[in-house]
Amino acid sequence: MIDVIVTYLSFTLINICSYPIHFVVNINKNARFREDGHLFAWVASLWIGGIYLLLYSVFVYVAIFWFFNRKRNKPEYPRSFLLLIMQSLCIYMSFQLINDLITLSIPLLGLYLSVISCLYFTQITTILVFHLLNRIPWKFREWRRNILILTWVDAFSLSTFLLISKVLPVIEGNLIYQIIAQTFLLIFVIIRFTLRNISILQQSKMTETIEEVNVLNHKLEVTNDNILAAFASSLEKRDAYTAGHSERVAKYAYLIAAEFKIIPSYRRIIHLSGLLHDIGKIGIPDYILHKEGPLSEHEYYIMKQHPIIGEELLRGVYQFLPFLTDGEKKIIYEIVLYHHERPDGLGYPMGLNDEAIPIHSKIMAVADAFDAMTSNRSYRPAMTQDKALDILRKGSGTQFWTPAVQALEVLLQGNFKKV
C-alpha cells in the first residue's frame, strides 16, 4: 500500500512539473502549438501503474491546465482539452496494441521500441488533429519536423526513466527506499524537462536570429542594387541618346544566358551586371562622352579606361558585402572589366583573346553591341534589327563570340522584341 501511495504522489509532482516547463511553436498568427512534458509523464504512468495511474495523471494534468487558464477566454482552449482527451486515448490504444505485437523478451530493445511506437503514434495523431482543428495549411512543415525529432529524443529519455524505475532498489514495505527511489526519478524528470527546453529555446532563438540576419541581408542587397542601378541610370540620363541602354543590355544578356541554360542565380547576377556594365563612365569627362564626332586618339584612350574604373568601383562596393558569393562577385567584376574584349584579342582594356575571356563577358559584349546599334546616337540613327544582326554575324569569331550571336539570332526569330 505504501509503494502505491508513494508512486501516485510521485506522479502527482511529475505531472505538476510537466506543465510549466514548456515551449511554444508559433505556426502562424492564429495558431500556436504548446509542447511540454505531459506525454512523457502519461506514457510513463501507463507503463508503471497501468490504466488507473494513467487516468490519475490525466486528471492531475487537466486540473493544472484548467487552473492556469481558468481566467482566460480564448477559443483554442476547448480545442486544447479535446486534444488532451485524444492523446490519452491514443496512449492507451497504442499501449494495448504494442503489448500484443512487440515482445519484451529483450528488455532494453523491446522497451525502447514500445516507447517510441507509443510516443510517435500519439504525437503524429496530435499533429494531424491539431491541423484539422485549427485549419492550418500543410505547407508549414518545419514545426512538424522539429516536434517529431523531439519525440525521438524523448523516447530515449523515457526508456531510461522506465529502466531506472525497475532497477532502483525499491524494496516492498521499506518506506525510506521508496521515497529515495521516487525522489530520484522525480529529479531525473525535472532535469530532463529543463535541459530539453533550454536546448529547444536556444535552437529557436538561433533560428530566429539567422532569419532576422537573412532578412536584413536581403534588404541590404536590394537597397544596394537599387542604389547602384539608379546611379547607373542617372549617369545615362546625362545623355538622352544612352538613356535606358543599361536596362536593355541587362535584359538581352539575361535572355541570351537563358539560351545557354545558365542557372537562374547566375542569370540574375548577369542581369545585375548588365545594369552596371557602364558605371565606370562616371570617371569619363562629359566632353568625351557627349562628343558628336570621332574621338581623338587621346580621347579614345581615356574612354577605354571606363571598364577599369567600373571594376574598381564595384570591387570596393561589393568586396565586403555578405549577400553575394565570391563566385557571383567574380562574375560582376569580369563582366564590367571585360565586356569590350574581343575573341581576336583586339579589344580593350586587356586585349584578351577568345579563350581568356569569360563566357558571361562575351555574352554581355554581344548584348551591348546589339543595343548600341539598334539605338539612336548623336552621330547616327538607329539601325534595324536585321542590319545589326548582319553586322554581328560578320564580326563573329573576331569581334564577337559566335555562340552568343547565334543565341541572339534564335531569340530574334522567336517572340523576342527590342525593348
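Author: A helix here is a DSSP run of H or I with at least four residues, and helices are numbered from the N terminus. Please keep in mind that this is a predicted model.

Reader: In which helix does histidine 245 lie, and is histidine 245 buried or exposed?

Author: Histidine 245 belongs to the helix that covers residues 245–259, which is α7. A residue counts as buried when its relative accessible area is under 20%. The value for histidine 245 is 6%, so histidine 245 is buried.

Reader: With which side chain does the side chain of histidine 245 make a polar contact?

Author: A polar contact requires a pair of N or O atoms within 3.5 Å. For the side chain of histidine 245 the distance is 2.8 Å, and the partner is the side chain of aspartate 368.

Reader: Why do the buried residues of α14 line one face of the helix?

Author: In helix α14, which spans residues 385–394, the buried residues are Ala388, Leu389 and Leu392. When one looks down the axis of α14, these buried residues line one face because they fall within an arc of 100°.

Reader: How are α11 and α12 oriented to each other, roughly parallel or roughly antiparallel?

Author: Helix α11 (residues 306–318) and helix α12 (residues 326–338) pack with their axes 8 Å apart, at an angle of about 160°. Angles over 145 degrees count as roughly antiparallel. The two helices, α11 and α12, are therefore roughly antiparallel.

Key:
Residues numbered from 1 in each chain as written. Predicted model: local features only at pLDDT ≥ 70, side-chain atom pairs only at ≥ 80, totals over all residues. Heavy atoms only, no water. Buried < 20%, exposed > 50% of the residue type's maximum accessible area, 1.4 Å probe, protein only. Polar contact = N/O pair within 3.5 Å; in protein donor to acceptor, adjacent residues only side chain to side chain. Arc of directions from axis to C-beta. Axes fitted to C-alpha atoms, helices over the stretch in contact; angles between N-to-C directions. Parallel < 35°, antiparallel > 145°, perpendicular 65-115°, else oblique.
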